[in-house]
Amino acid sequence: MPLHPLTTNNAGMGVARRDSSLLSPSDYDADAMSIRSDQDTDSDDDERQLRARNSRELRAHDRLVLMEEEELDELVTQSRRRQGSQRRGSNLPIPNPLRLLTRRLSDASLSRSRSPSVQPAESVEDLGREKRRTRRQRRSMKRDRLLADAQHGEDGELMYEMEEGGMKDGSSTGDSSERDDSDEVDRKHLMHVTDAKMKRKRNCRRWSLVYAMIAVAFAILVLVAWKLSIERRSSHGAQKLVSNGTAIFGPTTIIISLDGFRADFLNRGLTPRLSALVKEGVSPLYMLPSFPSVTFPNHYTIATGLYPESHGVVGNSFWDPALQEEFTYAQPEHSMDPKWWGGEPFWVTAQRQGLKTAIHMWPGSEAHILGVEPTYMDKYDGKEFLTTKVDRILGFLDMADEDRPQIIAAYVPNVDSDGHKYGPNSTEIQFTMQKVDKMLDSMFKGLEARNLTGIVNIVVVSDHGMATTDVSRLVQLEDVVDVGKIAHPDGWPLVGLRPNNPDDLQDIYNEVVRNTKGNPNLEVYLRDVDMPERYHFSNNERIAPLWIVPKAGWAMVKREEMDVKEAQAKGTVYRPRGLHGYDHEHPLMRAIFIARGPAFPHQPNSKLEPFRTCHRSAPFV
Ligand SMILES: [Zn+2]
């Protein structure tokens, strides 16, 4: 049978007609662009918030520093003035307080003022003759210096002298300076001169006023900071505890994962409760899963915000060359060991913050990750009735205040399992979607009955989409690679190849490329060479070094499972009839994210730009 590429119209059927933007391949590149811009926006917002927070603190800090500096400057100025006055009286040249205020004077002037030609202080015991001689000498020096300064355009010191009353117009002869000098000498050894006293008193009053103003300003600042912190605390407290009339609720969030619920399933007219949630809440047109678009990596990506290459659960099954062990999700006794699970899932974060969590069957919740257990944990049971899930969730909400979990995460496998079994376009899965929607409706009615609609946050997500398979879209693995050279084939429907001998990698790669050349529906990548960057699927030794990635709807099949040529000749039905795991940006792999509640203060029916599972904005904790 000839190979036919899968078109999205084949797989999407009527869905594509309803909403071409969800499944049309023509939007493919544009979607990729929007994802990238979404990442940028998130990052920018974070930076903006960080900047805003920092600048507020910095502004407050700056104000304090400025006030302290002003105070210090004033003290220094006052001290220098007094010092200067003393020095003038003690035969020292005028120091340079103005430099502190205006910083206009040059270093040359500074060094000049500190010239070693300065005379030491005179003692009152000096003989009058000696005193007079010294004063004359000093006046002469000072006059010369001030005149020299003025000639060099450095009239700042003269101006300062004038404003301070030390030297009046025409007093550059030093007369007033002499009076000051005398006063100072007298003050040291005899008595205070009245006008000097008054001057100090005026200064004292002035500085007292400045200090008082600084103190008042500082007190106002402290009060404002205190008030702001009180308001923040009280608003935080208001969020923390809300009464529904019968009990007190802290911030509470329910996260429901509808495994395999493809984004366009919402448009089939089968899920009125989910459609109402879209109208009431906030959602993107779709959420992109991470690569590979399979259940365990993606649920753990939703839980941690990390790419699979970072959290380490790189597939539903994979080989770890360091541990020399295989991870297989279907063997919980083995896969639910913390050694497989990196990163920190939201239930661990919440528990560490002192919150109680209830995790109902979420992949990974049984793995004792980081040694922290959810307060309530329900092991996986694929046969559990949907009504039981509703009772369980509402039961958590009905717990006593001290026992009630604030994070409730529940896993719903039905759409995925029937999608695999019957295909995403089957009558059966439509029935399953309706059942799941009714389950959600029961839960929402339970919230309404408890007056919790505006109190409890709801997040409904899925982990990936689903593509229809067909016997005409199969490739026999043995036709592509010599499986005898492969130690561990990982993944499905995409295949990771780990050679027996690592040195054979290039030869095996060349062989695979040669054998798949005629088939445009298979992509072949070396993990460390040309794996597309957008997959974020290379930075982990658990990722096999060579990958064959089929296009959506295609599958690699081992001969022991099915002889492809024989099956195609007979027209045998290939099962599963639905598969996922493909390029996470393919329209058929799109997932959902819908949120409502006080943690999402958006206008009803708000639309977000599509984003990836790993970019969820921590609404859960
Ligand atoms: Zn899944």
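1. Two strands are said to pair if DSSP finds at least two bridges between them. Helices (H or I, at least four residues) and strands (E, at least two) are DSSP runs numbered from the N terminus. In the hairpin of E6 and E7, four residues lie between the strands, and Gln324 takes a positive phi near 55 degrees. Strand E6 (residues 317-320) and strand E7 (residues 325-328) run antiparallel and are joined by four bridges. Within this pairing, Phe318 stands opposite Phe327 in E7.

2. On the basis of this note: the model is predicted, with local features requiring pLDDT of at least 70 and side-chain atom pairs counted only at pLDDT 80 or more, whereas totals for chains, interfaces and linings use all residues. Residues are numbered from 1 along each chain as its sequence is written.

3. On the protein as a whole: there are 21 helices and 22 strands. Of its 621 residues, 37% count as buried; a residue is buried if 20 or more other C-beta atoms lie within 10 Å of its own, exposed if 12 or fewer, and partly exposed in between, with C-beta atoms placed from the backbone. Two residues are in contact if their C-beta atoms, placed from the backbone, lie within 7 Å. Among contacts between residues at least 6 apart in sequence, 73% join residues at least 24 apart.

4. Strand E8 (residues 357-360) is covered on both faces: Thr357 and Ile359 on one side, and Ala358 and His360 on the other, are all buried. E8 pairs with strand E10 (residues 407-412) in the parallel sense over four bridges, and Ile359 has Ala409 in E10 as its bridge partner. E8 also pairs in the parallel sense with strand E9 (residues 376-378), over three bridges. There, the bridge partner of Ala358 is Tyr376 in E9.

5. How do H16 and H18 meet? The axes of helix H16 (residues 386-397) and H18 come within 9 Å and cross at roughly 25 degrees. Axes are lines fitted to C-alpha atoms, for helices over the stretch in contact, and angles run from 0 to 180 degrees between N-to-C directions. The two helices are therefore roughly parallel to each other; angles under 35 degrees count as roughly parallel, over 145 as roughly antiparallel, 65 to 115 as roughly perpendicular and the rest as oblique. The crossing of H16 and H18 is right-handed, the term used if the near helix is turned clockwise from the far one by less than a right angle, with anticlockwise giving left-handed. Leu386, Lys389, Val390, Ile393 and Leu394 in H16 meet Lys435, Val436, Met439, Ser442, Met443 and Gly446 in H18. By class, this contact has seven nonpolar, two polar and two charged residues. Ala, Val, Leu, Ile, Met, Phe, Trp, Tyr, Cys and Pro count as nonpolar, Asp, Glu, Lys and Arg as charged, and the others, Gly among them, as polar.

6. Helix H18 (residues 427-449) also meets helix H11 (residues 272-280): their axes come within 7 Å and cross at roughly 55 degrees. H11 and H18 are therefore oblique to each other. From H11, Pro272, Arg273 and Leu274 meet Asp437, Leu440, Asp441 and Phe444 of H18. The residues of this contact divide into four nonpolar, no polar and three charged.

7. An open sheet is formed by four strands in the order E14-E15-E17-E16, with antiparallel pairing. Strand E14 (486-490) and strand E16 (522-526) stand at the edges with a single partner strand each, so one side of each is left without a neighbour in the sheet. From one strand to the next, the twist averages 20 degrees. E16 and strand E17 (residues 546-550) are joined by five bridges, and Tyr525 has Trp547 in E17 as its bridge partner. Helix H20 (residues 505-515) lies across strand E15 (495-499), E16 and E17, running at about 20 degrees to E17.

8. Val564 and Ser472 are 92 residues apart in sequence and 8.6 Å apart in space, C-alpha to C-alpha. Not counting residues up to four places away in sequence, Val564 touches Leu474, Gln476 and Val557.

9. Arg577 lies in the loop between H21 and strand E19 (578-579). Arg577 counts as buried, with 21 C-beta neighbours inside 10 Å. Its C-alpha atom is separated by 9.6 Å from that of Met466, 111 residues apart along the chain. Leaving aside residues up to four places away in sequence, Arg577 touches Lys421, Tyr422, Gly423, Thr468 and Thr469.
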